[in-house]
Amino acid sequence: MSDPNNYKATGVPTQTAPPCSVDTERQTPATGGAQRQTPPVASSGMGRFIERWKREDMLKKGCFGLRCIALLFSLFAFIIMASNKHGDWRDFDKYDEYRYLLAIAILSTLYTVSLLLIQVYQLSTNKEIFSRKNSAFLDFYGDQLMAYLLLSAASSAVPLTNRMRENNDNIFTDSSAAAIGMEFIAFLAMAVSAIISGYKLSKQTYI
């Protein structure tokens, strides 16, 4: 586009540059748009580790409590049956079923005491006597075997006690029934502990 004033002065038409148009539609902010955020991998991994650690700690405390219950009732069964001697036919050592029940009560007491001492030592010193793999196997098979023996001993003494109580319901038969009941409760505690031990064994990643 020529400027008439410049034409008259110099005789040569001059052209002025057209106004620079700004394409505002194509301008995009350098930092515009939603930025994609990467998930915090480290924090999520730490959260899973803490959650697993809390679960394992809760399982350890559960087994510890169940074994305390098994120890308590096994000890009660041992004391009641060992003192169940009233002369003549009312002596527990004259019956194989009651001797078997007493032997398993003693074995259960020794087993639970040993495991509880190991757990107390590990919790107090933060050191492991056995490796985690061996400890998991020992807990699972030991609890399972002891639960079976407790159930076997209590079940074998039930028929004999029932026959005695049909004709002679006295302190001897009552004590025998009490010892059987204590051993059944010890069996239940040990059976639940075996289930927890089996769950812990199945969750081990190194097996």
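**Notes on an all-helix model**

1. Of the 207 residues in the protein chain, 29% are buried (buried means under 20% relative accessible area, exposed over 50%, and partly exposed in between, with a 1.4 Å probe and protein chains only). Bear in mind that this is a predicted model, where local features need pLDDT of at least 70, side-chain atom pairs count only at pLDDT 80 or more, and totals for chains, interfaces and linings use all residues. Residues are numbered from 1 along each chain as its sequence is written, and side-chain values use heavy atoms, with hydrogens and water left out.

2. On secondary structure, the protein chain has five helices and zero strands, so reading from the N terminus you get α-α-α-α-α (helices are DSSP runs of H or I with at least four residues, strands are runs of E with at least two, and both are numbered from the N terminus).

3. As for how the chain meets itself, take the contacts with a separation of 6 or more: 75% of them join residues 24 or more positions apart (contact means heavy atoms within 4.5 Å). I69 belongs to helix α2, residues 41-82, and is partly exposed at 36% relative accessible area.

4. Now the α4 and α5 pair. Helix α4 (residues 132-167) and helix α5 (residues 171-202) have axes that come within 7 Å and cross at roughly 155 degrees (axes are lines fitted to C-alpha atoms, for helices over the stretch in contact, and angles run from 0 to 180 degrees between N-to-C directions). That makes α4 roughly antiparallel to α5, a label used for angles over 145 degrees.

5. Have a look at T173 too, which lies in helix α5. T173 counts as buried, with 0% relative accessibility. Beyond its neighbours within four places in sequence, T173 is in contact with T161, M164, R165 and N168.

6. If you're wondering about cysteines, a search of the whole structure finds zero disulfides (a disulfide being a pair of cysteine sulfur atoms within 2.5 Å). C63 is buried, with a relative accessible area of 1%, whereas C68 is partly exposed at 31%.

7. Last, the surface: the accessible area of the protein chain comes to about 13,800 Å², and 62% of that belongs to carbon and sulfur atoms (areas come from the Shrake-Rupley method with a 1.4 Å probe; for residues, only the protein chains shown count as cover).

Notes:
Angles under 35 degrees count as roughly parallel, over 145 as roughly antiparallel, 65 to 115 as roughly perpendicular and the rest as oblique.
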